Amino acid sequence: GSHKHQYAYNELGHVLVELGEDAAALEAYQSAVAIDPQFAEALVNVGFKSEEFEEAKNAYESALAIKPTLTNAWINLGITYYSNYNKDPAHHIQKALDCYQKAMEVEPTSS
C-alpha cells in the first residue's frame, strides 16, 4: 500500500544526493516525512540537506523525539548549532556541546 512510499522517497533522496541534486533530494526527504511524520531517519536526512537553520534544527529534534538513540542526529544537531553559532554564540556553543555529549551517551563505544 501507500505506506511504503516514504521509503521510496527516502531512497530517491539518497540517489539524488549521489547525483549532486541536493534541492531535489531535500524535497524527496520532505515527501517521505510528509507521508510518515514518525520516519526518524528521513527527518535526519531533511536536517542534513536543509540550508535553513530552523528547519534543520526542528528536523533533528523531531527525529530525536521519536528515536533518542540516533547518534548521527545528535551529532548533526550539534554541528547545526555550531555552524550557526553567530546567531547566539554562547547559547549555540553550549547547545552544540550538549548534543555531542548526548551522542557519546547513546553510543559510548564511538570515540
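Predicted model: local features only at pLDDT ≥ 70, side-chain atom pairs only at ≥ 80, totals over all residues.
Colleague: Where does N10 lie, and is N10 buried or exposed?

Modeller: N10 belongs to helix α1, which covers residues 5-18, and with a relative accessible area of 7% it counts as buried, because that value is under the 20% cut-off. Apart from neighbours within four places in sequence, N10 is in contact with Y29, A32, F39, A42 and N45.

Colleague: How should I read the packing of two helices, and at what angle do α2 and α3 cross?

Modeller: Two packed helices are described by the angle between their axes together with the distance between those axes. Here the axes of α2 (residues 22-35) and α3 (residues 40-49) come within 9 Å and cross at roughly 150°, which means that α2 is roughly antiparallel to α3. The crossing of these two helices, α2 and α3, is left-handed.

Colleague: Which residues of α2 and α3 meet?

Modeller: On the α2 side they are D22, L26, Y29, Q30, A32 and V33, and these meet A42, L43, N45, V46 and K49 of α3. By type, the residues of this contact divide into seven nonpolar, two polar and two charged.

Colleague: What is the angle between α5 and α6?

Modeller: Helix α5 (residues 71-83) packs against helix α6 (residues 89-106) at an angle of about 165°, with the axes 8 Å apart, so α5 is roughly antiparallel to α6. The contact includes W74 and I75 of α5 and C99 and Y100 of α6, and its residues divide into 12 nonpolar, three polar and two charged.

Methods:
Residues numbered from 1 in each chain as written. Heavy atoms only, no water. Axes fitted to C-alpha atoms, helices over the stretch in contact; angles between N-to-C directions. Helix = DSSP H or I, 4+ residues; strand = E, 2+ residues; numbered from the N terminus. Parallel < 35°, antiparallel > 145°, perpendicular 65-115°, else oblique. Left-handed = near helix turned anticlockwise from the far one by under 90°. Contact = heavy atoms within 4.5 Å. Nonpolar A, V, L, I, M, F, W, Y, C, P; charged D, E, K, R; others polar. Buried < 20%, exposed > 50% of the residue type's maximum accessible area, 1.4 Å probe, protein only.
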